[in-house]
Amino acid sequence: MVAFSFIPKSHHVVMNHLSSFWLFSLLFTTAIAAQESSITRIAFGSCANQSAPQPIWDAINKFDPQLFIWLGDNIYGDIKRPLKVFGKERTFGPWRNTPRFIPSSEEEMKSRYAIAKATPGYSRLHRNAKVIGTWDDHDYGLNDAGKEFDHKVRNQKLMLDFLDEPLDSPRRKQAGVYASYTYGPPNRKVKVIVLDTRYHRDPLRSDGSILGDTQWGWLENELRGPLSEITIIGSSVQVISNISATTGPLFYMESWGRFPKERKRLFQLISDTKRNGVIFISGDVHFGEITRYDCSVGYPLYDVTSSGLVQYVEKVIPYTLRPIIRLLFWYTPSTMRVINEKCKFKSCTYGQQNFGAISIDWNANPVTIRLEVRDVNGHAVLGTNVSLPELQPRGPNILTDPTAKGKSQRHCTLEIDLPGTTRYRLAVLIYFTTAVLAMALLGLIIGVVLTITACVYKCKVD
Ligand SMILES: *[C@@H]1O[C@H](CO)[C@@H](O)[C@H](O)[C@H]1NC(C)=O
Ligand SMILES: *[C@@H]1O[C@H](CO)[C@@H](O)[C@H](O)[C@H]1NC(C)=O
Ligand SMILES: *[C@@H]1O[C@H](CO)[C@@H](O)[C@H](O)[C@H]1NC(C)=O
């Protein structure tokens with residue numbers, strides 16, 4: 001209005017015209033500005049070893065996200081000691097007497113964060129996109145650590161420095177790095193909640209708490225708060241998949257599934273707060289996977305897992321043996337995994353470097369959301385499309401509705417409810433193979449010993 005103040009009174013009519021024109025163009029430009037600020041591309045990832053090459057950032061920059069979400073192990077801050085089965089300092093086996101991982105000093109953590117931040121591909125992304133996130137165990141400071149960890153206060157500051165959190169941010173005063181953000185114009189709101197699954201977590205196998213009371217109260221407020229069309233909840237560890245149920249007793253992974261009471265509480269809270277449009281994203285496991293659970297909140301809950309940006313499961317295996325890993329992935333049963341023709345491998349998991357990509361088409365009717373895991377070339381290796389109305393309760397629960405049919409029914413059985421012969425088939429295969437190999441080795445040894453004794457005896461007689 002200041003611009004018009006010099007116009008004389010005699011031009012009143014003109015000015016009225018001018019101001020309505022001005023108002024109109026203001027509205028028009030705001031509408032355009034609003035349109036421009038809709039979030040349409042979100043990338044996320046986890047497990048970035050700052051000491052290793054990080055070619056994945058080129059693919060992420062090519063995707064050109066408006067927002068990037070760190071899901072933890074943003075650096076490897078702790079010290080991994082060599083695998084030692086024998087000797088004085090043993091780091092492996094039930095007979096071990098020395099921890100495999102130990103925390104590093106504050107100076108060392110700082111220098112690792114500095115290396116990560118200076119990675120050229122990442123700093124380019126950092127200039128062009130908003131970067132937010134949470135942490136997992138290795139940047140929290142120690143493998144598999146929870147609330148008992150000594151250096152959590154110190155490391156929270158270092159992590160928030162890495163994310164350029166303002167010095168007066170309340171996030172620097174609270175216990176833990178959980179936070180929430182809202183982006184986009186009305187009717188196109190995307191809320192992003194990042195959880196802290198470390199700071200307050202009770203010991204593994206306790207079936208205690210993951211979030212702790214304060215964070216639970218905060219999360220409830222966030223979910224009850226202003227509506228958003230889409231609500232993305234970032235958790236460092238997987239929420240939907242409970243892979244431990246099918247890999248145990250061989251090995252166990254960290255996940256919400258390992259804390260069944262806490263997981264139930266999370267689903268109950270989403271359901272009680274009637275929050276629609278919730279999508280989980282997660283990391284941690286060193287492979288990519290998309291899962292869904294249809295029988296918890298009245299609509300399918302998706303969990304898009306991307307791990308890792310740099311550390312991935314196939315890295316530790318010789319090239320020629322990689323197909324075996326893929327075969328084992330395929331052989332391990334899963335009830336929640338989204339299996340479709342978009343997967344690069346039959347298992348519908350992806351064990352090489354990857355990032356998560358969410359693309360939202362607000363102009364489509366209905367609004368569609370593309371959930372993907374992409375490889376180092378930016379190609380989708382896992383993917384599924386979800387329409388926004390699908391993420392709302394529609395009448396009766398699928399479990400209790402006998403007329404509901406189709407593929408969504410497949411994602412209701414918990415892994416632990418699979419018949420034993422299916423659930424433990426990986427363990428059976430591994431134990432059986434090991435037993436056969438051990439017996440073959442034993443047979444070979446006995447054979448050799450017998451031959452030598454026979455020969456020695458024969459040689460003597462001769
Ligand atoms: C990170 O990468 C470096 C260099 O390749 C390697 O020596 C180190 O073991 C890796 N860290 C982890 C935790 O695997
Ligand atoms: C996940 O698997 C673990 C290990 O078998 C089991 O103890 C836990 O109850 C499972 N959680 C859920 C939610 O099924
Ligand atoms: C999702 O939709 C896009 C077009 O928006 C299409 O190119 C892609 O193939 C679809 N993906 C799946 C898994 O159907």
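Q: Where in the chain does P249 lie?
A: Look in the loop between helix 8 (244-247) and helix 9 (260-272). Helices are DSSP runs of H or I with at least four residues, strands are runs of E with at least two, and both are numbered from the N terminus. This is a predicted model, in which local features need pLDDT of at least 70 and side-chain atom pairs count only at pLDDT 80 or more, while totals for chains, interfaces and linings use all residues. Residues are numbered from 1 along each chain as its sequence is written, and chains are lettered from A and ligands numbered from 1 in the order in which they are written.

Q: Is the peptide bond from G248 to P249 cis or trans?
A: Most peptide bonds are trans. The bond from G248 to P249 is cis, though, with omega near 0 degrees. Another cis bond joins N365 and P366, with omega about 0 degrees, and P366 sits in the loop between strand 13 (355-361) and strand 14 (368-374).

Q: What about phi: is the value for D73 positive or negative?
A: Most residues other than glycine have a negative phi. D73 has a positive one, near 55 degrees, in the loop between strand 2 (67-71) and strand 3 (79-80). D207 also has a positive phi, near 50 degrees, and its place is in the loop between strand 7 (190-194) and helix 7 (212-224).

Q: Does D73 count as buried or exposed?
A: Count C-beta atoms, placed from the backbone, within 10 Å of the residue's own: 20 or more others make it buried, 12 or fewer exposed, and anything in between partly exposed. D73 is buried because it has 28 such neighbours. D207 has 12, so it counts as exposed. Over the 462 residues of the chain, 35% come out as buried.

Q: Which residues of helix 2 are buried?
A: In helix 2 (residues 56-63), they are I56, W57, A59 and I60. They cover an arc of only 160 degrees around the axis, so they lie on the same side of helix 2; the arc is that of the directions from the helix axis to the C-beta atoms. These buried residues pack against strand 1 (41-45), helix 4 (120-128), strand 13 and strand 14. Just after helix 2, D64 takes a positive phi of about 55 degrees.

Q: In what order do the six strands form the open sheet?
A: Strands of a sheet pair through backbone hydrogen bonds, either parallel or antiparallel. Two strands count as paired if DSSP finds at least two bridges between them. Here the order is 5-2-1-13-14-15, with mixed pairing. Strand 5 (130-134) and strand 15 stand at the edges with a single partner strand each, so one side of each has no neighbour in the sheet. The twist averages 20 degrees from one strand to the next. Strand 14 and strand 15 run antiparallel and are joined by seven bridges; L371 stands opposite T384 in strand 15. Helix 2 packs on this sheet, touching strand 1, strand 13 and strand 14, and its direction makes about 5 degrees with that of strand 13. Axes are lines fitted to C-alpha atoms, for helices over the stretch in contact, and angles run from 0 to 180 degrees between N-to-C directions.

Q: With which residues is A43 in contact, leaving aside neighbours within four places in sequence?
A: Contact means that the C-beta atoms, placed from the backbone, lie within 7 Å. For A43, which lies in strand 1, the partners are I60, F63, P65, F68, F355, G356 and A357. A43 is buried because 25 other C-beta atoms lie within 10 Å.

Q: Which residues surround ligand 3?
A: A residue joins the shell if its C-beta atom, placed from the backbone, lies within 6 Å of the molecule. Ligand 3 has N340, K342, R370, G383, T384 and N385 around it. Strand 15 (residues 380-387) gives the largest share, three residues. The shell divides into no nonpolar, four polar and two charged residues, where Ala, Val, Leu, Ile, Met, Phe, Trp, Tyr, Cys and Pro count as nonpolar, Asp, Glu, Lys and Arg as charged, and the others, Gly among them, as polar.

Q: And how do the residues of the shell around ligand 2 divide?
A: That shell has four nonpolar, four polar and two charged residues. Among the residues around ligand 2 are G248, R258 and R263, and helix 8 and helix 9 each supply at least two of the shell residues. For ligand 1, the shell is N49, S51, A52, Y76, K80 and Q311.

Methods
Contact = placed C-beta atoms within 7 Å.
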